Amino acid sequence: MIRTFETHKVRKQTELTGCLWEFEPCCGEYVRQKFMLATPGCWETHPLFADYRGEGVYRKYFQGEGNIRIECKGVSHTATVYLDGKQIARHYNAYTPFSVIVRNMEAGEHLLEIKADNRFNEDSALHIPNDYMSYGGISRPIVVEWLGEFYFEFVHVKTYRKDGKWHAGIDTAVSVLNMGQNEERDILIKGQIGKEEFCWEFSVEKQERFELHTDLEMDQVEVWSPESPKLYQVELQLFQGGEKVDDLIDRFGFREVCVHGGSILLNGKSLRIKGVCRHEDHPDYGCAIPYQAIYNDLVLIQQMGANSIRTAHYPNDEIFLDLCDELGILVWEENHARGLEEDRMKHPLFEEQAEKVIREMIACHYNHPSIYIWGILNECASETAYGRSCYEKQFHLIREMDDTRPCTFASCKFFQDICFDLPDVISCNLYPRWYVDKPVRDYLDEVYGWIEEDGKGKGKPFIVSEIGAGGLYGCHNAYRGKWTEEYQADALTEQVTECLEFSECLGVYIWQFCDVRVSREWFAGRPREMNNKGIVDEYRRPKAAYERVAEIFKRYSNYYDSDKA
């Protein structure tokens with residue numbers, strides 16, 4: 001399954017995953033042996049490779065000819081792509097898509113090979129042992145598309161209000177393939193959003209890439225919101241000599257997000273965040289969670305009264321985002337970096353790899369109305385001058401690519417952080433009653449008071465981006481000790497209530513939705529080699545905290561009173 005809706009009617013497209021691929025591990029006990037593995041999938045979910053760190057080669061034959069585009073939605077963690085034995089692409093980062101164009105491929109059967117590598121090594125600044133599991137394999141779909149002389153690269157729709165009217169600013173790019181220098185083509189592009197139509201006409205004389213823009217004033221718009229997640233489609237069709245030769249369809253919603261004083265406004269209303277942090281992790285599927293299981297997660301989250309999910313700590317599968325668009329769930333999406341100290345941020349490839357994640361994340365996910373904020377660099381070296389320079393560069397890049405959403409980062413460097421003047425929203429990971437032995441309200445007062453006085457965050461919106469406590473499913477004792485379900489439920493009751501009652505706090509994200517596997521190299525202090533702070537366990541069985549949180553979340557609406565803004 002590529003998306004939850006059809007993205008092309010003209011361009012021929014087929015998914016190569018959703019079936020078995022031949023798999024060969026490159027080291028270990030089973031080296032040079034061949035197996036059949038399901039894709040998308042993680043090799044750790046196969047009994048023989050449950051703890052395999054290394055390279056593995058996936059192979060699949062397909063029929064094709066002419067110009068093709070191969071898109072890999074996610075390969076963990078580094079991918080090298082070969083077509084008929086020749087390397088055609090290499091990509092770093094498990095959590096963002098990449099593609100490669102192959103021109104003038106001969107007709108017939110072709111062999112696609114993808115070498116995945118989930119090892120931690122000196123060439124990686126971001127992919128390190130961590131408090132979550134880094135799986136290996138083809139974890140998201142692989143798609144082949146057949147192209148003619150012209151194809152649409154993307155379409156982005158920017159929605160905004162001006163003089164009381166909704167507008168849609170449309171940007172697209174067209175690439176030209178296989179044209180001779182002395183040829184000329186007359187091109188017509190027709191576009192449509194609802195009943196509104198638009199077009200571009202131009203001539204092409206050589207191989208080029210065209211970027212196009214138009215702005216539409218829209219009538220009778222229905223806005224996207226958690227209560228009414230209305231979605232629109234933008235459809236582009238490209239005509240050459242009167243023949244329809246390519247198309248592209250994407251979805252978006254009319255909604256406006258902005259920061260006003262100490263509030264985050266959605267369509268002019270001050271948001272109250274009732275959220276959970278969620279990793280892509282499941283004992284049966286690893287990080288390659290299928291559609292039905294993603295949907296089940298979202299239903300459990302909505303049934304407890306939550307309205308938002310933080311995608312900790314990397315860009316998520318686009319099917320997840322499609323479902324959030326459809327269900328009206330607000331998303332905080334962030335780039336891939338967690339817990340990097342200054343020495344790691346000085347890795348010679350850090351800035352390049354982190355920038356690429358941001359570029360690919362925003363380019364691919366720009367149109368999702370559910371994404372209301374971008375995040376970067378969770379719990380990294382925001383207390384150092386060098387770290388600050390990295391935060392500055394990444395925030396600049398985000399704002400250059402997308403000026404329609406605020407940005408933030410989750411900090412745990414209280415009383416030291418020197419970066420709170422950089423983001424639009426201040427976000428803090430707090431663990432009173434767990435790592436910090438203080439009452440929740442006292443700790444909130446202490447941290448927020450410092451942010452206002454010395455932390456350079458005065459007057460900005462403030463969110464508790466993580467809070468929680470560990471609890472082992474089925475663990476009970478008479479004195480409600482740590483790691484029991486009772487202690488977790490008591491701690492979260494106090495934590496969530498105090499955050500939502502704290503007058504300057506716009507909301508809270510619980511760490512976390514479900515228990516997740518952690519890197520074996522990192523496991524110290526984590527019973528079962530898992531992070532056990534989920535309010536449901538890894539099999540999505542609710543702990544006592546789930547019902548407690550549901551009772552609290554359901555007392556509060558999605559918005560503050562108008563005087564909050």
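1. The secondary structure of the protein consists of eight helices and 30 strands. The radius of gyration is 24 Å, close to the 24 Å given by the globule rule for 565 residues, so the protein is as compact as a globular protein of that length. The model is a predicted one.

2. As to overall extent, a box of roughly 80 × 65 × 45 Å, taken along the principal axes, is filled by the C-alpha atoms of the protein.

3. Among contacts in the protein with a separation of 6 or more, 71% are accounted for by residues 24 or more positions apart.

4. Helix H7, spanning residues 485–501, packs with helix H8, residues 544–553, at an angle of about 20°, and their axes are 8 Å apart. Because angles under 35 degrees count as roughly parallel, H7 is roughly parallel to H8. The crossing of the two helices is right-handed.

5. The residues in this contact are as follows. H7 contributes Glu485, Gln488, Ala489, Asp490, Leu492, Thr493, Val496, Thr497 and Leu500. From H8 come Ala544, Ala545, Arg548, Val549, Ile552 and Phe553. By residue class, the contact of H7 with H8 divides into nine nonpolar, three polar and three charged residues. Leu492 and Val496 of H7 and Ile552 and Phe553 of H8 are among the residues making the contact, and each of these four belongs to a type that counts as nonpolar.

Methods:
Residues numbered from 1 in each chain as written. Predicted model: local features only at pLDDT ≥ 70, side-chain atom pairs only at ≥ 80, totals over all residues. Heavy atoms only, no water. Axes fitted to C-alpha atoms, helices over the stretch in contact; angles between N-to-C directions. Helix = DSSP H or I, 4+ residues; strand = E, 2+ residues; numbered from the N terminus. Parallel < 35°, antiparallel > 145°, perpendicular 65-115°, else oblique. Left-handed = near helix turned anticlockwise from the far one by under 90°. Contact = heavy atoms within 4.5 Å. Rg over C-alpha atoms; globule rule 2.2 N^0.38 Å.
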